[in-house]
Amino acid sequence: MGGIFRCFLFQTRPDPGLSRGMRAAFWIWNWGLVVAAGLGLGLVCLVLAPGSYGWDVFWDYCSSPALLALNLLPTALLAALLYGLLGRPWLAQLLTAVPALALALGNYYKLAFRDDPVVASDLALLGEAGQMAGRYELFLTTKLVCALALGGLSVAALALLARGRPRRRGRLAGVLIPLAAIAALVPVYASEQLYDDTAQLGHLQQWSATQQYLSHGLFYPFLHSIQDALPSPPEGYSQRTAAQLLAQYQDGDIPEEKRVNLVGIMLEAFCDLSEFPQIEFQQDVYADFHQLQSESYHGNLLADVFAGGTIQTERAFLTGLCSGSFNFRSTASSYVWYFKRQGYQTSGDHPSNRWFYNRSNVNVYLGFDRYRFLEDFYTQFTGGWTADDSIFFPQLTASLLEQMEDEAPLFSFSVSYQGHGPYDDQVCAWGDVDDFVGNQELDDDARTILANYLGSVQDTSARLLALADTLRDLDEPVVLIVFGDHKPWLGNGNSVYEALGIDLSQSDRDSFYNYWATPYLIWANDAAKQVLDNDFVGQGPDLSPCFLMNLLFQQCGWAGDAYMQAVYDCWQALPVVHASGAYLTSGGILTDQLSEQEQALAQRLAHLDYYRSTHFAYG
């Protein structure tokens, strides 16, 4: 027995003198330990998958054998494949554990900071992710420490217990078998029907895109999302049919007598928290914003992102595409190009890095003639730091006035940065915490986070009103459109929202709006009101970011390009088409069940949307 024990634990190959059965047992032992270690690693990562959503979600995973298998097989197959390639069990486990745990930890932290999981398309933004991670305070929990320790122990255990080094024939089989299994599983992981059937929503909400994703675990939804990283046509799509549908419309020109300057500003993480009675405001931080809102046509934007993902709202507005996360790599259809073709100047500002979301390249693809960033403009005022609104708004205002001296009208779209989280939980940068927040039931960290956010929006509101006051008396007609990109980060795991008792469950209409809604407003100076014969005042509809430009054109009395005209009926019937699968109907009903007619319009929109994303319309 001792000889057998030494053979299994200390030899790289079985003694030729052993029986065939014992030699087979030796390899079964080694391969079995590799596969078992891979399965165990997958289970450890699955424990981290729910993030702060808790153990109940993990136990829901365990109630579904199919879901468990889909999450554990990737690490087991990868470990087996690497064992076949390298012939070292411990090395195969190490090279499996590093990316697996990196994904699990990245997902854990992203959920904590932004309530957003890691999906396959995020791999194209690793540089940005690394830069942004430095702005958050990373932390370790018992669960994270245990996961890392178990990953290390699994490598050590294989180094001690599994030392078999298969010969060429055994390694070839060890490569071919996992590869065959992986090939066979590709359609399984891609299946939409299976994905829907395996969702474990017992302790999660179906209208939350994040929670829908988490309901499938970690590796399974990540692998399933690979097909979304590249554009793929919607079900029933025909390029010819979509082209014919779009060909029924022609780009409408903006009449000379109705040309006005358009100034768009997307405010980072700006929302109106005065809507929440749970917050005890010590002063009216939204006074200036509400004054401007009262002079405007305004409503709610139902963004597809929360506490992050700025670029999706931004590009949905600029392109009209329902998915602003499209991976732009070349010249792309956008409303910016439409304005450019109409003889407009196209420009904008962002007081942060040009590489962030690859804006320096993508904004050119979208049709901007000029865009100023931190590196080429704002650094002279900040010494290299991102510019806050005290610099951004005055510089933008001066630039707008200068550009409007040109005979050509102006389309300007800028993105602020000041409201970007996280917000300090120790020191209030805007004064005393008590100047902004009552809520003595909150702990000091939560009150400071909230005070920093409220101080920021008060400052932004004042500077926004000052911009409008500058534009107010100009002879040049100007329309200003302003909106927030998403709700703000308020503590890891949305801790401040939770402590305030603000419902973010998305289980009903109110909590859905609590999670996704940000304000928009369309304001015009007197010259623009006269030119467009519209006072631009009143309550506007709630809508998705991809339809906000449609609303702006409607208020201006412009027909828009062919795409805008083609999706008009879709917009009117379904003003909100949300990434979570929810829709807001023209009757104000929030639902994921559409009538036959509404379903046809949703499909029409999806087909037109995909055609626009893959064909440049302004060549």
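Student: Hi! Let's start with Gly 42: which helix does it lie in?
Tutor: Gly 42 lies in helix H2, residues 20-48. Helices here are DSSP runs of H or I with at least four residues, strands are runs of E with at least two, and both are numbered from the N terminus. Before we go on, this is a predicted model, where local features need pLDDT of at least 70 and side-chain atom pairs count only at pLDDT 80 or more, while totals for chains, interfaces and linings use all residues. Residues are numbered from 1 along each chain as its sequence is written, and side-chain values use heavy atoms, with hydrogens and water left out.

Student: Thanks. Is Gly 42 buried or exposed?
Tutor: Gly 42 is buried, at a relative accessible area of 1%. Buried means under 20% relative accessible area, exposed means over 50%, and partly exposed is in between, using a 1.4 Å probe and protein chains only.

Student: And what does Gly 42 touch?
Tutor: Not counting residues up to four places away in sequence, Gly 42 touches Asn 71, Leu 72, Thr 75 and Phe 219. Contact means heavy atoms within 4.5 Å. Leu 101 is 59 residues apart from Gly 42 along the chain, and their C-alpha atoms are separated by 9.1 Å.

Student: Switching to H7: how many residues does it have?
Tutor: Helix H7 (residues 142-161) has 20 residues. From first C-alpha to last, H7 reaches 27 Å, close to the 28 Å expected at 1.5 Å a residue; the expected span is 1.5 Å times one less than the number of residues.

Student: Which residues of H7 are buried?
Tutor: Lys 143, Leu 144, Ala 147, Gly 151, Ser 154, Val 155 and Leu 158 are buried in H7. Down the axis of H7 they fall within an arc of 125°, so they line one face of the helix. The arc is that of the directions from the helix axis to the C-beta atoms. The face of H7 turned away from that buried side carries the exposed residues Thr 142 and Leu 153.

Student: Why would residues three or four places apart point the same way?
Tutor: Because an α-helix has 3.6 residues a turn.

Student: What about H3, which of its residues are buried?
Tutor: In helix H3 (residues 55-62), Val 57, Phe 58, Asp 60 and Tyr 61 are buried. They cover an arc of only 155° around the axis, which puts them on the same side of H3.

Student: On to sheets. What is the order in the sheet of eight strands?
Tutor: It is an open sheet with the order E4-E3-E5-E1-E6-E7-E2-E8 and mixed pairing. Strands E4 (370-372) and E8 (538-539) stand at the edges with a single partner strand each, so one side of each is left without a neighbour in the sheet. Two strands pair if DSSP finds at least two bridges between them.

Student: And E7, how many of its residues are buried?
Tutor: Eight of the eight residues of strand E7 (residues 517-524) are buried, so E7 is largely enclosed by the rest of the structure. Ala 517, Pro 519, Leu 521 and Trp 523 point one way, and Thr 518, Tyr 520, Ile 522 and Ala 524 the other way.

Student: How many bridges join E7 to E2?
Tutor: Six bridges join E7 to strand E2 (residues 297-302), and the two run antiparallel. Leu 302 has Ala 517 as its bridge partner in E7. Strand E6 (residues 478-484) pairs with E7 in the antiparallel sense too, over five bridges, and Val 482 has Leu 521 as its bridge partner in E7.

Student: Where is Val 482 found, and what is it in contact with?
Tutor: Val 482 is found in strand E6 and counts as buried at 2% relative accessibility. Leaving aside neighbours within four places in sequence, Val 482 is in contact with Ile 265, Leu 267, Leu 464, Pro 519, Tyr 520 and Leu 521.

Student: Which strands does H15 lie across?
Tutor: Helix H15 (residues 310-319) lies across strand E1 (261-267), E2, E5 and E6, running at about 170° to E5. Axes are lines fitted to C-alpha atoms, for helices over the stretch in contact, and angles run from 0 to 180 degrees between N-to-C directions. Helix H19 (residues 389-403) packs on the sheet as well, touching E1, E3, E4 and E5.

Student: Last one: how many disulfides does the count come to?
Tutor: The count comes to zero disulfides, a disulfide being a pair of cysteine sulfur atoms within 2.5 Å. For Cys 146, the nearest cysteine sulfur is that of Cys 45, 14 Å away. For Cys 322, the nearest is that of Cys 546, 3.8 Å away.
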